[in-house]
Amino acid sequence: MMVTISTSGGFIGTGLSREAQVDVDKLPEPLREETCTALSAQALSSLARKSPPAGAADYVTYHIVVVEAEGTPTAFDVPETVLAPETLDLIDALMEQGAHR
């Protein structure tokens, strides 16, 4: 599975856009398993349908493209406000992994 993550938005639009591409199959365990679970197309589809809380402003949006074994890319826009802290930590770790590629 390949995952591409990019960001937009943030505090007053200065959220420093970032992008990383990660070959999930090459990640060490347990990071690989955690990524496959948290960033599966099914999990992201559910999160992408959620709206930010009323009044939420200046949040980061994660643009996540997942390419699973069958090779068809699926894209999701997920606001940070709907992500669990553990998932945000996972995304940060993946952004670091992808930055070294």
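Modeller: A note before we start: two strands pair if DSSP finds at least two bridges between them. The structure above is a predicted model.

Biologist: Understood. How many bridges join strand E1 and E2, and in which sense do they pair?

Modeller: Strand E1, residues 2-9, pairs with E2 over five bridges, in the antiparallel sense.

Biologist: Which residue of E2 is the bridge partner of Ile5?

Modeller: The partner of Ile5 in E2 is Ala20.

Biologist: What is the strand order in the open sheet?

Modeller: The order is E2-E1-E3-E4, four strands with antiparallel pairing. Strand E2 (19-23) and strand E4 (73-79) are the edge strands, each pairing on one side only. On average, neighbouring strands of this sheet are turned by 15° against each other, direction ignored.

Biologist: Which strands does helix H2 lie across?

Modeller: Helix H2, residues 41-48, lies across strand E3 (60-67) and E4, and runs at about 40° to E4.

Biologist: Ala48 is in that helix. What is Ala48 in contact with, leaving aside its neighbours within four places in sequence?

Modeller: Ala48 is in contact with Phe76, Asp77 and Val78. As for His63, 15 residues from Ala48 along the chain, the C-alpha atoms of the two are separated by 9.9 Å.

Biologist: Now helix H1. Is Thr35 buried or exposed?

Modeller: Thr35, which lies in helix H1, is buried, with a relative accessible area of 0%. Leaving aside neighbours within four places in sequence, Thr35 is in contact with Met1, Val24, Leu27, Ser40, Leu90 and Leu94.

Biologist: Where is Pro30 found?

Modeller: Pro30 is in the loop between E2 and helix H1 (31-38). The peptide bond from Glu29 to Pro30 is cis, with omega near 0°. In general, most peptide bonds are trans.

Biologist: Changing topic, which residues have the most contacts inside the largest nonpolar core?

Modeller: They are Ile5, Leu39 and Ile64, in a core of 24 residues. The elements giving two or more residues to this core are E1, E2, H1, H2, E3, E4 and helix H3 (85-99).

Biologist: And what is Leu39 in contact with, leaving aside its neighbours within four places in sequence?

Modeller: Leu39 is in contact with Met1, Val3, Ile5, Leu44, Ile64, Val66, Leu90 and Leu94. In soluble globular proteins, nonpolar side chains tend to be buried together.

Note on methods. Residues numbered from 1 in each chain as written. Predicted model: local features only at pLDDT ≥ 70, side-chain atom pairs only at ≥ 80, totals over all residues. Heavy atoms only, no water. Axes fitted to C-alpha atoms, helices over the stretch in contact; angles between N-to-C directions. Contact = heavy atoms within 4.5 Å. Buried < 20%, exposed > 50% of the residue type's maximum accessible area, 1.4 Å probe, protein only. Core = buried A, V, L, I, M, F, W, Y, C linked by side-chain atoms within 4.5 Å.
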